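Subject: Handing over a structure

Hi there,

Here is the structure I promised to pass on to you. Have a look at it first, and then read on for what turned up in it.

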Amino acid sequence: MTKLKVTFLLILFLHSSHFLFSQRADSKLMSIQQMFDLAEANSRSIRTYHLAEKEAEQAVQIAKNALLPSVDVSLSASYLGDGWIADRDFSNGANAPMPHFGNNFAIEASQVIYAGGAISNSIAVAKLRKQLARLDKVRNREDIRFLLVGNYLERLRAGMNAECIINY
């Protein structure tokens, strides 16, 4: 009974190893740099960190906008009808002519002269966040590259072991 199991396992192993080696012959050879480029083009993680870096750049621009002067403009127009004046019992009514059109126009311009360093500090914080986002993106990219090189070397080692077994 055990000889039957051993032969069955041996046949199964040889049959499956044939598929492994035939897949290896069909696989595409690529350099490590090509593998890195492909991973960077298709990695969701790298795209996420890239978007975070772009968002941090926008935050710096928004913080710098606080240094610019602000201008507020308002315009309003109104119309009033004639008034009607009457006694308490609503008798003896008379029309009272009034100016009918009214308008209001206002412009307000302001600029911060001194804010105790709040604006410059917010710009500095935004720049530091931008730098942190860039470093996070680089760290993530390097982590992915290390993972790819590790997998590449594992496959290379497994391929060498398979070739040694075949050549032996």
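**What was found**

Helices here are DSSP runs of H or I with at least four residues, strands are E runs of at least two, and both are numbered from the N terminus. Please keep in mind that this is a predicted model, in which local features need pLDDT of at least 70 and side-chain atom pairs count only at pLDDT 80 or more, while totals for chains, interfaces and linings use all residues. Residues are numbered from 1 along each chain as its sequence is written, and side-chain values use heavy atoms, with hydrogens and water left out.

Is Glu-53 buried or exposed? With a relative accessible area of 8%, Glu-53 is buried. (Buried means under 20% relative accessible area, exposed over 50%, and partly exposed in between, using a 1.4 Å probe and protein chains only.) Leaving aside residues up to four places away in sequence, Glu-53 touches Ala-133, Arg-134 and Lys-137; a contact means heavy atoms within 4.5 Å.

**The chain as a whole**

The protein chain has four helices and four strands. Starting at the N terminus, the order of its elements is α-α-α-β-β-β-β-α. Of the 168 residues in the protein chain, 12% are buried. Among contacts in the protein chain with a separation of 6 or more, 72% are between residues 24 or more positions apart.

How confident is the predictor? The score is pLDDT, its confidence in each residue from 0 to 100. The protein chain has a mean pLDDT of 83, and 82% of its residues reach 70 or more. Among the elements, α3 has the highest mean pLDDT (94), and helix α1 (residues 2-26) the lowest (60). The pLDDT is below 50 over residues 22-26, a stretch that has two contacts in the model beyond near neighbours in sequence. Residues 163-168 also have pLDDT below 50, with two contacts in the model beyond near neighbours in sequence. Where pLDDT is low, the predicted coordinates should not be read in detail.

Helix α3 covers residues 44-64, which is 21 residues. At 1.5 Å a residue, α3 should span 30 Å, and its end C-alpha atoms are 31 Å apart, which agrees. (The expected span is 1.5 Å times one less than the number of residues.) The buried residues of α3 are Ile-46, Glu-53, Ala-56, Val-60 and Ala-63. Viewed down the axis of α3, these buried residues fall within an arc of 100°, so they line one face of the helix. The arc is taken from the directions from the helix axis to the C-beta atoms. On the face turned away from that buried side are the exposed residues Arg-44, Thr-48, Leu-51, Glu-55, Gln-58 and Ile-62.

In α2, the buried residues are Met-35, Phe-36 and Ala-39. They cover an arc of only 100° around the axis, which puts them on the same side of α2.

**Salt bridges**

How many salt bridges are there? The count comes to seven, with a salt bridge being a side-chain nitrogen of Lys or Arg within 4 Å of a carboxyl oxygen of Asp or Glu.

One of them joins Glu-40 and Arg-141, whose closest N and O atoms are 2.7 Å apart. Glu-40 lies in helix α2 (residues 32-42) and Arg-141 in helix α4 (residues 118-167), so the pair ties together parts that are 101 residues apart in sequence. Glu-40 is partly exposed, at 26% relative accessible area, and Arg-141 is partly exposed at 33%. A network of salt bridges links Glu-40, Arg-141 and Arg-145.

Arg-139 forms a salt bridge with Asp-136, the closest N and O atoms being 3.9 Å apart, and another with Asp-143, at 3.6 Å. Arg-139 and Asp-136 are three residues apart in helix α4, so about one helical turn separates them. Arg-139 and Asp-143 are four residues apart in α4, again about one helical turn. Arg-139 is partly exposed, with a relative accessible area of 43%.

Best wishes

Note on methods. pLDDT is the predictor's confidence in each residue, from 0 to 100.
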